[in-house]
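User: Hi! I'm new to this one and would like a quick tour. Could you put it up on the screen?
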Amino acid sequence: MIILEDAKASADRIYYHLPNMTNTAPALISQADIESLERSYTFREKPEVVQFIEKHPFLVPVLLAAPDQIRHYFPNEQLFLEVDSDPEIGNYVQLVLSILTTLDPYVAMDREDRLDAEWWRSLSHEERKHLCPILAYSDEF
């Protein structure tokens, strides 16, 4: 369910009220940021993705910048965002950024290694802890 702010508030600011948000007040994410992200990524389970970003708003600039960085190595690949949890690690949840590719796996892994070395490793520990880029192939989707 979308809840709009006070009528006098900026029309481009909304927040999503979602179930299962515990111990964290939702952050205001601009509608423009959401729309920008949706131009670059396909959201899998959009409410979960938006909820995760609201809990970790420091990821917005990273997510907005990531497609330009990724395009240096994967110019035509489709990008997906999806929330994933590991049931073996209790409450551990992360946002997965999938790069859907048809490249030969060895070529793709070499490009991924260069992306990691030249961009990913420059991100903060906190950003890397909550965002996980992976290579994906169409048989996985």
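User: Thanks! Which residue in β6 stands opposite Asp84?
Analyst: That's Gln94. Before we go on, please keep in mind that this is a predicted model.
User: Got it. How many bridges join β5 to β6, and do they run parallel or antiparallel?
Analyst: Eight bridges join them, and the two strands run antiparallel. β5 covers residues 78-85, while β6 covers residues 93-100. Another facing pair there is Glu82 with Val96 in β6.
User: What about β4 and β5, parallel or antiparallel?
Analyst: Those two run parallel, with two bridges between them. Thr42, for instance, has Phe80 in β5 as its bridge partner.
User: What order do the strands take in the sheet?
Analyst: The order is β4-β5-β6-β7, four strands in an open sheet with mixed pairing. β4 (42-43) and β7 (131-136) are at the edges with a single partner strand each, so each has one side left without a neighbour in the sheet.
User: Nice. Changing topic: where is Glu127?
Analyst: Glu127 sits in helix α5, which spans residues 125-130.
User: Is Glu127 buried or exposed, and what is the nearest side chain of opposite charge?
Analyst: Glu127 is buried, and the nearest side chain of opposite charge is Arg128, 6.9 Å away. Glu127 has no salt bridge; the cut-off for one is 4 Å between a side-chain nitrogen of Lys or Arg and a carboxyl oxygen of Asp or Glu.
User: Then which residues does Glu127 touch?
Analyst: Leaving aside residues up to four places away in sequence, Glu127 touches Phe58, Leu59, Val62 and Trp120.
User: What lines the largest cavity?
Analyst: Its lining is made of Ile29, Ile34, Leu37, Phe43, Val50 and Ile53. Helices α1 (31-40) and α2 (46-55) each supply at least two residues of that lining.
User: And how much space lies in the largest pocket?
Analyst: About 360 Å³. The elements giving two or more residues to the lining of the largest pocket are α2 and α5.
User: Which element gives the largest share of that lining?
Analyst: That would be α2, with four residues.
User: Last one: which residues lie nearest the centre of the largest pocket?
Analyst: Of the 12 residues lining it, Phe52, Lys55, Val83, Asn91 and Val93 lie nearest the centre.

Technical notes: Residues are numbered from 1 along each chain as its sequence is written. This is a predicted model: local features need pLDDT of at least 70, side-chain atom pairs count only at pLDDT 80 or more; totals for chains, interfaces and linings use all residues. Side-chain values use heavy atoms; hydrogens and water are left out. Two strands pair if DSSP finds at least two bridges between them. Buried means under 20% relative accessible area, exposed over 50%, partly exposed in between (1.4 Å probe, protein chains only). Lys and Arg count as positive and Asp and Glu as negative; His and the chain ends are not counted. Contact means heavy atoms within 4.5 Å. On a 1 Å grid over the protein atoms alone, a cavity is a set of points where a 1.4 Å probe fits but cannot get out, and a pocket is an open set with protein on both sides within 12 Å along at least five of seven lines; lining residues have an atom within 4 Å of a point. Grid points are joined across faces, edges and corners, and a volume is the space filled by probe spheres set on the points.
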